[in-house]
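Student: I'm new to this structure and would like to learn how to read it. Could you walk me through the features one at a time?

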Amino acid sequence: PELADLFKKWRNARGKLERLCQQKPALADARILATELGEMGRVGAGALRILEGGKAPAGWNQQAKAWLDRAAQPHALVEFTIVPAMRRLVDEATEKSKRN
């Protein structure tokens, strides 16, 4: 539950952060970070559903890894250090989906 709650917070933070970036021009460069954080929350939540017995939708693995590739790139001098752990989560979910 804690991990699911964290991913939900990341998804919810996306909208709030994007609105803040629109209101504060100095934060414009951080907008992509808000998007990536929200997408990592979405990918993480999807991986948890798969690990709990769900089946990965067609192309999920490739889409998830593409988002993680984008999130791995530093933006506005910020780097998401959680990306390697997220990759392991996606890989584990993919393997479990193949076994189901």
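Tutor: Happy to. Let's begin with a term: a salt bridge is a side-chain nitrogen of Lys or Arg within 4 Å of a carboxyl oxygen of Asp or Glu. Some ground rules too: this is a predicted model, where local features need pLDDT of at least 70 and side-chain atom pairs count only at pLDDT 80 or more, while totals for chains, interfaces and linings use all residues. Residues are numbered from 1 along each chain as its sequence is written, and side-chain values use heavy atoms, with hydrogens and water left out.

Student: How many salt bridges does a search of the whole structure find?

Tutor: Seven salt bridges turn up. The general idea is that side chains of opposite charge can pair when their charged atoms come close. Here, Glu-39 and Arg-14 meet through their side chains, 2.8 Å from N to O.

Student: Are Glu-39 and Arg-14 buried or partly exposed?

Tutor: Buried means under 20% relative accessible area, exposed means over 50%, and partly exposed is in between (1.4 Å probe, protein chains only). Glu-39 is buried because its relative accessible area is 9%. Arg-14, at 24%, counts as partly exposed.

Student: What other residue does Glu-39 meet in a salt bridge?

Tutor: Arg-42, at 2.6 Å from N to O. An α-helix has 3.6 residues a turn, so residues three or four places apart point the same way. Glu-39 and Arg-42 are both in helix H2, three residues apart, or about one turn of the helix. Arg-42 has 29% relative accessibility, so it counts as partly exposed.

Student: Which residues are paired between helices H3 and H4?

Tutor: Asp-91 and Lys-65 form a salt bridge, 2.8 Å from N to O. Asp-91 lies in helix H4 and Lys-65 in helix H3, 26 residues apart. Asp-91 is partly exposed at 32%, and Lys-65 is partly exposed at 29%. Elsewhere, salt bridges with shared partners join Arg-14, Glu-18, Glu-39 and Arg-42 into one network.

Student: Let's step back. How many helices and strands are in the chain?

Tutor: Four helices and zero strands, running α-α-α-α from the N terminus. The C-alpha atoms fill a box of roughly 50 × 25 × 20 Å along the principal axes. Of the 100 residues, 36% are buried.

Student: How do I check the length of helix H2?

Tutor: The expected span of a helix is 1.5 Å times one less than its number of residues. Helix H2 (residues 31-51) has 21 residues and should span 30 Å, which agrees with the 30 Å between its end C-alpha atoms. H2 is mostly covered, with 16 of its 21 residues buried. After H2 comes Gly-53, with a positive phi near 115°.

Student: Which residues touch the most other members of the largest nonpolar core?

Tutor: A nonpolar core is a set of buried Ala, Val, Leu, Ile, Met, Phe, Trp, Tyr and Cys residues joined through side-chain atoms within 4.5 Å. The largest one has 22 residues, and Phe-7, Met-40, Val-43, Trp-60, Phe-80 and Met-86 touch the most other members. H1, H2, H3 (60-72) and H4 (83-99) each give two or more residues to this core. H2 gives the most, with eight.

Student: What does Leu-33 touch?

Tutor: Contact means heavy atoms within 4.5 Å. Not counting residues up to four places away in sequence, Leu-33 touches His-75, Ala-76, Val-78 and Phe-80. Leu-33 is in helix H2, and its 12% relative accessibility makes it buried. The C-alpha atoms of Leu-33 and Phe-80 are separated by 8.9 Å, though the two are 47 residues apart along the chain.
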